[in-house]
2 protein chains.
Amino acid sequence: MLNQEFNALRDRRKFMQQMAAGAVGLLSMTGWNQVLRGADDRRLLVHSNAPMNAEPLLPDLVKSWVTPVDSFFIRSHGNTPDLKADSFRLSIEGLVEKPLTLSLAELGQFQQHSVTATLTCAGNRRSEHSRIKAIKGVQWREGAIGNAKWSGIRLSDLLKKVGLRDSAKHVWFEGLDTVEDGGKSFAFGGSIPLEKALSDREISPGALLATTMNDKPLTADHGFPLRSVVPGYIGARSVKWLSKIVVSDRPSPNHFVADVYKLVDTGDLLEVAENAPIYRMPLNAAICTPTADATLKAGRTAVTGYALPPGVPGVSIRKVEVSADSGRSWTEAKLTTPASEFCWQMWSAEIAVTSETKELIVRATDSRGDSQPETVRWNAKGYLYNAWHRVPVQI
Amino acid sequence: MLNQEFNALRDRRKFMQQMAAGAVGLLSMTGWNQVLRGADDRRLLVHSNAPMNAEPLLPDLVKSWVTPVDSFFIRSHGNTPDLKADSFRLSIEGLVEKPLTLSLAELGQFQQHSVTATLTCAGNRRSEHSRIKAIKGVQWREGAIGNAKWSGIRLSDLLKKVGLRDSAKHVWFEGLDTVEDGGKSFAFGGSIPLEKALSDREISPGALLATTMNDKPLTADHGFPLRSVVPGYIGARSVKWLSKIVVSDRPSPNHFVADVYKLVDTGDLLEVAENAPIYRMPLNAAICTPTADATLKAGRTAVTGYALPPGVPGVSIRKVEVSADSGRSWTEAKLTTPASEFCWQMWSAEIAVTSETKELIVRATDSRGDSQPETVRWNAKGYLYNAWHRVPVQI
């Protein structure tokens, strides 16, 4: 299945010609939602157009440590607002001494900071998770992840400016998109504990209010003109089209904090009430090349992919191992990009495949000694899937 | 060590004579904190006197499905208040239509209900947990658990009486004890989601406001004259000397909800803020006889103990297995008491021990198919330890 889809995109030139000839219908007839969007560089597998949810193909993803914007997964919960920089305002209110409303120009007067940080959807790899038992929601493969350089101002600097009241404990983010859910319309929202907002470290700010991605203004899909970026946390806490910040004594009551992004067995109301919102991203890794169902020759084969440390301050990847014999033996991969807190690393390995090889497997171990589990307990909303990544191959 | 302690208590008559002769000093000289308290029936291992924390010895615990009050573990966080029934009042306030203050006589006018439910401390088995890496707090063995018949009124009936406002989401409990912590004095408090409070089932109320334990008024140690009992939840949510109920839109900010009873790796402020309070008790089991370091003859040996289903509605124990060969083979135990939601079961097995046997092991599996793990990830506060229970023996 995967292989078929990659094949469908393999001949890029032919494909572009089909696009040009208005042959997009051919794609929708296949039942796969791939589209080529914009330039030739922009090659995303689109899961849905409204809201826009799309992810890159893995061979593209593994090409660089910093993901080009055009290869960066897009996760939206509502529409994609078309905002004007001039009229845009950010407000900050709640448990602060001095509520403020700021234009982009005023935000530009704060000290500017940059951080390279990986964002990943809590639902990354849900399609694998769904093989245990089907789960609703976007059927993400392994591409709902990307690493970018974000620039803007530190949330902590803004909080200092407005002054926190003693009872402040959480910071809420609210976007300008409109989500339709359960007969209601509301903006997407996130929330982080105040300790996270204030946890600036040498490299990573606790949270950044970012106006640029890879040194260019955010695109509409990625939150133009302003978004929060919370290194180490699941993508849902990095809120796009950010227009309101509320300081509170509790987590946001927004649907996507209070109800949605939680690890639950059944998802009944009691269980949802008992569990905290998910914040930290999990230790993870994926094989990006070869792709699923690739035909390999017996002998030494190059394998590449990404590995993500968990969203725990100061924790990095210790090692990545690959197996071609169902986990009986493991070959340590070479980490080919620098280690940095809250950032993925690229890795490559040469491994001997034989006529017995049915699949390639990868697992990562972090600097605390925690390894990805062989299997993961199923959860009703399909989050944080991080079992060993297995890629079936033919020899 | 355990064996030495059991030996110290073995000759009960001699021990009572020592007590009568004022020989209690002998015990404190040993460095063990056992005391005989009150009647001969009351034989608890006391971890601390102020606050009072004590647990029964396992051979006593396994004697009956309903634990006698005198063998029931005692968990206190502050003093043990000496309250008078006549002047006692319970208040209920917060997000309710009609706040009320009720005497015990007025509570007696509500429909009375009974439930047999197991309470267990979240820190049960912490002494085993501490062997991985030392953890502060009461070093509970496997006896911080007990099963009793509780009678009183349903919390849900009281909530109906006072009327809930739309924003009601959590119910707070506050006791009349005084906890000294971090230079502050405050009452112990618990909190449960509203869904739990309203989740009355045929047998189990979501929560009971109990005035009796095993058909007798609560003793001072167990919360006289009123306590909450929340079947399926860790003991810390069943608040003793209950005098105030607050209906709120969020969990209680009480130290023991907001900070203490949480599963955390390091316990830093950020991690505490990111995690939810622990509510449900875990699947668990322990071998109660033979006791640790017992000398057994090779051949068939009787093994007994308890098994606790997790605090998940409708889930019971499916099977209990015992091993005498380090987990290579398992013998299924016989469940000797009835299955009931949120209640432990007693079990017994006959197993062949050989000269090779170093330890006996038990593990339970619940009706969902989940089994106790062989090992448990260490957590900074030492909660929910439920690895296979291992008892070293000599043949």
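Guide: In this predicted model, copies are superposed by least squares on the C-alpha atoms of residues with pLDDT of at least 70 in both. Of the residues of chain B, B:Ala276 comes closest to the rotation axis, its C-alpha lying at 2.3 Å.

Visitor: What makes the relation between chain A and chain B that of a two-fold axis?

Guide: Chain B is superposed on chain A by a rotation of 180° with 0.0 Å of shift along the axis, and the RMSD is 0.0 Å. That is the relation of a two-fold axis.

Visitor: How do you know that the copies meet through the same surface?

Guide: Of the interface residues of chain B, 100% are also interface residues in chain A, so the surface is the same in both copies.

Visitor: Why are E17 and E22 of chain B called edge strands?

Guide: The open sheet runs E17-E19-E23-E22 in chain B, with antiparallel pairing. Strands E17 (284-289) and E22 (334-335) each have a single partner strand, so one side of each lacks a neighbour in the sheet.

Visitor: How do you know that E22(B) and E23 of chain B pair?

Guide: Pairing requires at least two bridges, and these strands share 2, in the antiparallel sense. B:Leu335 has B:Trp347 in E23(B) as its bridge partner.

Terms used:
Residues are numbered from 1 along each chain as its sequence is written. Chains are lettered from A and ligands numbered from 1 in the order in which they are written. This is a predicted model: local features need pLDDT of at least 70, side-chain atom pairs count only at pLDDT 80 or more; totals for chains, interfaces and linings use all residues. Helices (H or I, at least four residues) and strands (E, at least two) are DSSP runs, numbered from the N terminus. Two residues are in contact if their C-beta atoms, placed from the backbone, lie within 7 Å.
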